[in-house]
Amino acid sequence: MPELPEVETVVRQLRQAVCFRTIEAVTIKDPKVISPAVAQGLPARVIDIARRGKSIIFTLDSNAYLLAHLRMTGHFHVVPSRSASLEYQKYLSGIFHLDGGSFFTFNEIRRFGGITKVSAKELEKAFSRLGPEPLADSFTFTAFDSLLHRFPSAVIKTKLMDQSFLAGLGNIYAQEALYRAGIHPQTKIEEIGVSKRKRLYHGLREILRLAIKCNGTTIQNFSHLDGKGSFQDLLSVYQREKCPRRHRVERINQGGRSTYYCPRCQK
Ligand SMILES: [Zn+2]
């Protein structure tokens with residue numbers, strides 16, 4: 001499932017291809033995935049494309065926003081007007097026709113993701129319960145530490161994946177960050193000393209930045225606009241048999257999700 005680095009990769013690519021272009025019309029093929037409201041109020045110019053948590057926000061000059069979620073298998077294709085590729089027709093949910101004859105599509109195999117049209121107020125409401133952005137300048141160690149202090153008895157891995165605690169992390173990067181910090185995934189927050197909290201804070205941000213540089217992680221489905229991510233080659237414990245120090249990695253179940261960790265590096 002796409003997490004912060006994968007969504008950020010898609011946002012950066014969409015920004016290059018779609019920002020400051022005008023959406024002339026939208027053809028909706030699957031109204032369960034693309035809300036019919038998306039086709040109304042056009043043409044409209046896209047003046048910004050941004051990410052919040054795992055969501056993608058298109059700001060339109062018509063005072064409205066398109067809110068997109070990739071979930072498991074949502075995918076954007078940008079198709080130049082003279083493209084011969086028909087790849088975009090697979091699992092096609094909708095076509096966004098741009099000025100000049102090019103277009104982009106949204107494709108969803110499993111139909112969990114989607115695009116809706118929202119007002120500024122609805123957008124604010126959608127994000128009102130979302131935690132801070134881990135890569136924001138304002139997210140200092142002090143900010144992270146005071147967040148941790150609010151949930152002393154929570155299990156660290158579960159909390160890292162909680163979107164109201166911290167925005168954008170999922171199963172893969174939570175595990176990788178814990179490996180970097182040398183913290184066992186079942187540890188209660190109150191049992192983590194300050195030096196490990198610092199390692200976790202820095203490890204978390206390093207890993208997210210590095211994964212963005214690699215265009216994300218492709219394990220099963222994720223592909224960005226130009227292909228697949230490459231961070232899977234740099235994973236330390238997730239779906240690994242050995243950690244980078246050649247210890248055997250173990251797998252446990254936490255809240256229905258698999259957690260990989262190294263019992264020797266993570267205590
Ligand atoms: Zn190890």
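A residue counts as buried when its relative accessible area is under 20%. Keep that cut-off in mind as you explore this predicted model, because both H247 and C262, two residues that hold the zinc ion, fall under it and are buried. Welcome to the structure; here is a short tour by topic.

**The zinc site**
- Four residues coordinate the zinc ion: C243, C262 and C265 through their SG atoms, and H247 through ND1, at 2.2 to 2.3 Å.
- The angles among these 4 donor atoms run from 98 to 121°, and the site is tetrahedral.
- For comparison, the ideal angle for four tetrahedral donors is 109.5 degrees.
- Along the chain, the donors are spaced as C-x3-H-x14-C-x2-C.
- Within this set, H247 and C262 link distant parts of the chain, 15 residues apart.
- H247 sits in the loop between helix 6 (194-213) and strand 9 (250-254), while C262 belongs to the segment after strand 10 (257-261).

**The nonpolar cores**
- The largest nonpolar core has 39 residues, and F144, I156, L160, L166, Y173 and L200 have the most contacts inside it.
- At least two residues of this core come from each of helix 3 (141-149), helix 4 (156-160), helix 5 (171-181) and helix 6.
- Beyond its neighbours within four places in sequence, I156 touches L148, L178, I183, H184, P185, T187, I189, I192 and L200.
- Another core lies apart from this one; it has 28 residues, including V18, C19, I23 and I115.

**The cavity**
- The structure holds 1 cavity of 30 Å³ or more, and the largest cavity has a volume of about 40 Å³.
- Among the residues lining the largest cavity are I23, V26, V38, L60 and K117.

Conventions. Residues are numbered from 1 along each chain as its sequence is written. This is a predicted model: local features need pLDDT of at least 70, side-chain atom pairs count only at pLDDT 80 or more; totals for chains, interfaces and linings use all residues. Side-chain values use heavy atoms; hydrogens and water are left out. Donors are N, O and S atoms within 2.8 Å of the metal (3.2 Å for Na, K and Ca); water is not among the atoms, so sites may look incomplete. Four donors count as tetrahedral if all angles lie between 85 and 135 degrees; four count as square planar and six as octahedral if opposite donors are over 155 degrees apart and all others between 65 and 115; anything else is irregular. Helices (H or I, at least four residues) and strands (E, at least two) are DSSP runs, numbered from the N terminus. Buried means under 20% relative accessible area, exposed over 50%, partly exposed in between (1.4 Å probe, protein chains only). A nonpolar core is a set of buried Ala, Val, Leu, Ile, Met, Phe, Trp, Tyr and Cys residues joined through side-chain atoms within 4.5 Å. Contact means heavy atoms within 4.5 Å. On a 1 Å grid over the protein atoms alone, a cavity is a set of points where a 1.4 Å probe fits but cannot get out, and a pocket is an open set with protein on both sides within 12 Å along at least five of seven lines; lining residues have an atom within 4 Å of a point. Grid points are joined across faces, edges and corners, and a volume is the space filled by probe spheres set on the points.
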